[in-house]
Amino acid sequence: MERIDADDLTALVAGLFRARGAQETEARDVATSLVGANLTGHDSHGVVRVPKYLSWIDEGTLRLGRDLEIVNDGGVFVVADGGHGMGQTLGRRIVDLGVARARAHGVAITALRRSGHIGRIGEWAERAAAQGLVSIHCVNVSGSVLVAPFGAREKRFSTAPFAVGIPGAGDGKTGVPPLILDFATSLVAEGKVLNAFKGGKALPHDCIIAPDGALSDRPVDFYGAGVDASQPGAAKNAAGALVAMGLHKGSGLAFMMEMLGGALTGGGTCGPQSKLVANGMLSIFLDPARLDPGNDFHAEVARFTDWVRAAQPRPGMGPVQAPGDTERTLRDRHLREGIPLPPEVIGALRTLAGRVV
């Protein structure tokens, strides 16, 4: 692994998107989000995706400079179409819109459809939590059938992520930081398989279903023998499938993410009729101060969080953590020491940069 400074990596990635025609703000936003995923240890949604993003831009299936098109505005709810624009740009705008509406009404619902890859969903929960709001995010990926339902060997779901954010106590009442839960409903995200394929962290046991139906932890059993996983369409045309997390429970949750993030937003589910890869995201924003002004929400969050963390760990296990603790620890370490990247990943970025100098 090579360690690279976060600011240097952000500048490198932003330069690649500017070279493809992105304006400075959009290039910087996308780069910051991707590097932010690496900072928090979510390498699957980090800079490993840059070559794929660039190829999608070249193909015209991922479009620069797009803004939200408001399809339906009911005040407390908004439906917006992203026109296959950059998900990191659209994600910022839809979350900021949801935050503003929740400030006005106490609660808000936003439905984003046809967004380009929207990145690490926890970033959007963090963004709302920084404004003092609780948020819930249900996401699907139309055109990206990767995950087998429980008991099946054939793909039917996207990785269908789910995230929840609880704000920290920025008013000084407690010292509890934001609580952020963010996970794919597959046992691993496809990006983690891609990262492992490129020499990154090994995959957990039995997270892949090989074409013959056997369980595996080898990326080649997902993508297929002789396939270059970095090429466009490698995941979409994968020979194998990803395993849903949590047996039948995770499979059921993935099903409902398709209903909420895909069907309800109008972006569509990930079935065979889907062509372009696009995210749908249904988000709910809640203002604790408006919802129950007589209840000391922050103090209750702090009491429960401290009690959970105080649980005695099992032998061989580390301290009990709350959602978001690991990401904060990794972010601090990576900011100090640099972000570790496999040689193939940083080498590919430098090769791309060399072509545009």
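Buried means under 20% relative accessible area, exposed means over 50%, and partly exposed lies in between (1.4 Å probe, protein chains only). By that cut-off C207 is buried, at 0% relative accessibility. This is a predicted model, in which local features need pLDDT of at least 70 and side-chain atom pairs count only at pLDDT 80 or more, while totals for chains, interfaces and linings use all residues. Residues are numbered from 1 along each chain as its sequence is written, and side-chain values use heavy atoms, with hydrogens and water left out.

**Cysteines**

- The whole structure holds zero disulfides, a disulfide being a pair of cysteine sulfur atoms within 2.5 Å.
- C138 is in no disulfide; its nearest cysteine sulfur belongs to C270 and is 15 Å away.
- C138 has 7% relative accessibility, so it counts as buried.
- C207 is likewise in no disulfide; the nearest cysteine sulfur is that of C270, 18 Å away.

**Helices α2 and α4**

- Helices (H or I, at least four residues) and strands (E, at least two) are DSSP runs, numbered from the N terminus.
- Helix α2 covers residues 24–39 and helix α4 covers residues 87–105; their axes come within 8 Å and cross at roughly 90°.
- The axes are lines fitted to C-alpha atoms, for helices over the stretch in contact, and angles run from 0 to 180 degrees between N-to-C directions.
- α2 and α4 are therefore roughly perpendicular to each other.
- Angles of 65 to 115 degrees count as roughly perpendicular, those under 35 as roughly parallel, those over 145 as roughly antiparallel and the rest as oblique.
- On the α2 side, E26, D29, V30, T32, S33 and L34 meet Q88, T89 and R92 of α4; contact means heavy atoms within 4.5 Å.
- By class, this contact of α2 with α4 has two nonpolar, four polar and three charged residues.
- Ala, Val, Leu, Ile, Met, Phe, Trp, Tyr, Cys and Pro count as nonpolar, Asp, Glu, Lys and Arg as charged, and the others, Gly among them, as polar.

- E327 sits in helix α11, residues 325–337.
- E327 is buried, with a relative accessible area of 17%.
- E327 and T40 are 287 residues apart in sequence, yet 4.5 Å apart in space, C-alpha to C-alpha.
- Not counting residues up to four places away in sequence, E327 touches L39, T40 and H42.
- The side chains of E327 and H42 are joined by a polar contact of 3.0 Å.
- A polar contact is a pair of N or O atoms within 3.5 Å; within protein, one must be able to donate a hydrogen and the other to accept it, and residues adjacent in sequence count only if both atoms are side-chain atoms.

**S283 in strand β12**

- S283 belongs to strand β12, residues 278–286.
- S283 is buried at 1% relative accessibility.
- Its side chain makes a polar contact of 2.8 Å with the side chain of H137.
- Leaving aside neighbours within four places in sequence, S283 is in contact with A108, I109, T110, I136 and H137.

- H84 is not a glycine, yet has a positive phi of about 60°.
- H84 lies in strand β3, residues 77–85, and counts as buried at 6% relative accessibility.
- R114 is not a glycine either, and has a positive phi of about 55°.
- R114 lies in strand β4, residues 107–115, and counts as partly exposed at 33% relative accessibility.
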